[in-house]
Amino acid sequence: MEQALMLFTCVYVLLTSAEASNMHGNYTPHWAVQIRGGPDVANRLAAKHGFFNMGLIANLENVYDFKLAYEDGDKREPMSEKTLALSQEPEVGFVEQQYYRKMVPKTG
C-alpha cells in the first residue's frame, strides 16, 4: 500500500509540474493505468474502453500501458473523456494519459 501511495505521489508531482507545458498538445495515445486484478482484468477493461493493453510498464506493479485502438490523425490534445471513463472503473487505482516531455538542455 505504501509503495502504491508513493508511486501515485511521484506521478502526481510529475504531472502537475508538467501540466503547464502540455497546454499546446503534447499528449500521446497511451495511458498509464493501475489495475487491481491482474492481466485478465486489464485486458477486459482495455477492450471495453477502446484500448489495446500493451502490457506492464517496466517494473511498476499492476501499472499497464493502454494504447488507444484508433488514432485521431495527428491529434495531440488530452482526451479527458477516456481518462474519466477509466477512472470510474472499480478496479482502477489511477489513470493518466501520457505526454511528450520537452527536453531542455542544461546551461552553465
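1. Let's settle one word before anything else: a residue is buried if its relative accessible area is under 20%, exposed if over 50%, and partly exposed in between (1.4 Å probe, protein chains only). At 0% relative accessibility, W31 counts as buried. This is a predicted model, so to speak of local features pLDDT must be at least 70, side-chain atom pairs count only at pLDDT 80 or more, and totals for chains, interfaces and linings use all residues. Residues are numbered from 1 along each chain as its sequence is written, and side-chain values use heavy atoms, with hydrogens and water left out.

2. Now the sheet. Helices (H or I, at least four residues) and strands (E, at least two) are DSSP runs, numbered from the N terminus, and two strands pair if DSSP finds at least two bridges between them. With that in hand, you'll find an open sheet of 4 strands in the order β2-β3-β1-β4, with antiparallel pairing. Its edge strands are β2 and β4, each pairing on one side only. Direction ignored, neighbouring strands of this sheet are turned by 25° against each other on average; axes here are lines fitted to C-alpha atoms, for helices over the stretch in contact, and angles run from 0 to 180 degrees between N-to-C directions.

3. How are the strands joined up? Antiparallel β1 and β3 share 5 bridges, and Q34 has V63 as its bridge partner in β3. On the β4 side, 5 bridges join β1 to β4, again antiparallel. β2 and β3 pair in the antiparallel sense over 4 bridges, with F51 partnered by L68 of β3. In the hairpin of β2 and β3, 6 residues sit between the strands, and A58 takes a positive phi near 45°. Strand β3 (residues 63-68) is mostly covered, as 5 of its 6 residues are buried.

4. Next, the helices. For contact, read heavy atoms within 4.5 Å. Helix α3 (residues 80-87) lies across β1, β2, β3 and β4, running at about 165° to β4. Leaving aside neighbours within four places in sequence, V41 is in contact with I35, R36 and E91. V41 and V92 are 51 residues apart in sequence, yet their C-alpha atoms are 9.8 Å apart in space.

5. Which aromatic rings pair up? The rule: rings of Phe, Tyr and Trp (its six-membered ring) pair if their centres lie within 6.5 Å, and planes under 30 degrees apart count as stacked, over 60 as edge-to-face and the rest as tilted. The structure holds 3 such pairs. One of them is Y27 with Y99, edge-to-face at 6.3 Å centre to centre with 70° between the planes. That pair links distant parts of the chain, with Y27 in strand β1 (residues 27-35) and Y99 in strand β4 (residues 92-99), 72 residues apart. Y27 counts as buried at 13% relative accessibility, and so does Y99 at 16%. Y99 is also the bridge partner of Y27 in β4.

6. Back to W31. W31 and F51 also form an edge-to-face pair, 4.9 Å centre to centre and with 75° between the planes. W31 belongs to strand β1 and F51 to strand β2 (residues 51-56), so to speak distant parts of the chain, 20 residues apart. F51 is buried too, at 4% relative accessibility. Ring pairs link W31, F51 and F66 into a cluster. The charged end of K82 sits over the ring of F51, 5.4 Å from its centre; the test is NZ of Lys or CZ of Arg within 6 Å of the ring centre and within 35 degrees of the ring normal.

7. Last, the charges. A salt bridge is a side-chain nitrogen of Lys or Arg within 4 Å of a carboxyl oxygen of Asp or Glu, and the count by this rule comes to 2. In one, R44 meets E91, the closest N and O atoms being 3.0 Å apart. R44 lies in helix α2 and E91 in the loop between α3 and β4, so the pair ties together parts 47 residues apart in sequence. R44 is partly exposed, at 41% relative accessible area.

8. The other salt bridge joins the side chains of K48 and E89 (2.8 Å, N to O). K48 is in helix α2 and E89 in the loop between α3 and β4, 41 residues apart. Buried or exposed? K48 is exposed, with a relative accessible area of 54%, whereas E89 counts as buried at 11% relative accessibility.
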